[in-house]
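The exercises below are meant to be worked through with the sequence and the 3D view side by side. Try each task before you read its solution.

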Amino acid sequence: MTVSVWQEMNSKPSKVSHDVVVIGAGIVGSYLAGLLNKTGKDVAIIEARHPASGASGRNAGMVLVGSRDSYSEAVDRFGRDGAQDLWKLTEENVHTMGELADQFGIEHNISGASYIALDDNFANVLRSSADMLNQDGFDAEYVDGDPLGRGFRATLIQPNDFGTQPAELSANLTFTSGATLYENDEVFAIGEEKSHLVIRTRRHIVTCEKAVLAINAYAPLLDPFFQSLVEPARGQVLLTTPVSTTIDTLGLVNQSCYFRQLEDGRILVGGGRFQHIEQERTYADETTANVQGVIKNFFTQYFPESDGQVDRRWAGIHGMTHDGLPIIGRLPHQKEVYFVVGFSGHGNSMGLVAGERTVEFMLNGRDPGIFNIARLQ
């Protein structure tokens, strides 16, 4: 995040003041801004571009219970209790996302998600995950085969997951938050003056008591504190022309691709990052021929009815942490600057509960739990 002196001097910055400033008008920043507004705070949202211009408007719109790990992998990483707590949090998040979609009149058919294995090794991971999920009270079904009839090896089905229009949902959260919105107004410095923070943007000088960074992958560009904690990862997507067949599930293929069918019959297919992982550690939200080739090969193999016709391609930047979970905390050198970043491609699954925990941490000192940055330090 850089702003030249010429851009800053293009017009004399206006001086404004608020109680709390949220930097980032994605789904997380907009939701927690609304929560803060409900406590009586005078809240502002500052956005470098426009609401949902980042990952919140460029993802696949999948709202899923769980994390980037399968349940058995999450148990290995966080322990049985930790994995169970994480899945309960994401269940709560999915429920709230559904309520918000209803509130805003946004389409969200609950079609469930299918986690797919292409080989025996991952089939065993899915089988183990399903067994533990059922033991721990979660709704999941293992199928030793492919109910979609596409030639997949095995499937774990989660029936309550759904797809939605993520940019529309995120933008609605922004515009109903009650916060003052400053868009197209990039932040380039956060300083202190007496007992207040001073946030400098391209168009404003903003004083406030507290600030929240909800800028996900872009946090290291604003403050070097995040450079060892959050790294960018590009996600690429293509959209086919409409097909006549119906795919009534969200599909996620381990470390390969993911897919969903939109209401108009087009199929969204994304992924391919792991085959070119070093190249995809970037802030450039542009598509590339090699990753798009991986995605296209996947959908022409498993969805031949599409005839390989592509309607649109795009990319977005995820903020990745070492363990795939977001981090909540405060800057050690600026105690009134809080943050909630690093959603690792699962902002739709964890963003709302992470926003709630950030507000509780800011206002009441409540421990953010599994999202606490202390786990990585």
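**Exercise 1. Which residues does Tyr71 touch, not counting residues up to four places away in sequence?**

Before the solution, two notes apply to everything that follows. This is a predicted model, in which local features need pLDDT of at least 70 and side-chain atom pairs count only at pLDDT 80 or more, while totals for chains, interfaces and linings use all residues. Residues are numbered from 1 along each chain as its sequence is written, and side-chain values use heavy atoms, with hydrogens and water left out.

Step two is to list the partners: with residues up to four places away in sequence left aside, Tyr71 touches Arg80, Ala83, Gln84, Trp87, Ser129, Met132, Leu133, Asp136 and Phe138.

**Exercise 2. Find where helix 3 bends, and compare its span with that of a straight helix.**

Helices (H or I, at least four residues) and strands (E, at least two) are DSSP runs, numbered from the N terminus. Helix 3 covers residues 71-104, which is 34 residues, yet its end C-alpha atoms are only 32 Å apart, whereas a straight helix would reach 50 Å at 1.5 Å a residue; the expected span is 1.5 Å times one less than the number of residues. The next step is to look for a bend, taken as the angle between axes fitted to the seven residues ending at a residue and the seven starting there, and at Phe78 helix 3 bends by about 120°. Just after helix 3, Gly105 takes a positive phi of about 70°.

**Exercise 3. Trace the sheet of eight strands, and describe the setting of strand 14 within it.**

Two strands pair if DSSP finds at least two bridges between them. The eight strands form an open sheet with mixed pairing, in the order 6-7-5-15-16-17-14-18. Strand 6 (141-143) and strand 18 (310-320) stand at the edges with a single partner strand each, so one side of each is left without a neighbour in the sheet.

Strand 14 (residues 231-240) pairs with strand 18 in the antiparallel sense over ten bridges; within this pairing, Leu238 stands opposite Arg313 and Gln236 stands opposite Ala315. Strand 14 also runs antiparallel to strand 17, to which three bridges join it, and the bridge partner of Leu239 in strand 17 is Leu268. Nine of the ten residues of strand 14 are buried, so this strand is largely enclosed by the rest of the structure.

**Exercise 4. Are Asn184, Asn216 and His276 buried, partly exposed or exposed?**

Asn184 lies in the loop between strand 9 (180-182) and strand 10, and with a relative accessible area of 40% Asn184 is partly exposed. Asn216, in the loop between strand 13 (210-213) and helix 6 (219-222), is buried at 16%. Phi is positive in both residues, near 50° for Asn184 and near 50° for Asn216.

His276 sits in the loop between strand 17 and helix 7 and counts as partly exposed at 25% relative accessibility. Leaving aside residues up to four places away in sequence, His276 touches Asn290, Val291 and Val294.

Terms used: Contact means heavy atoms within 4.5 Å. Buried means under 20% relative accessible area, exposed over 50%, partly exposed in between (1.4 Å probe, protein chains only).
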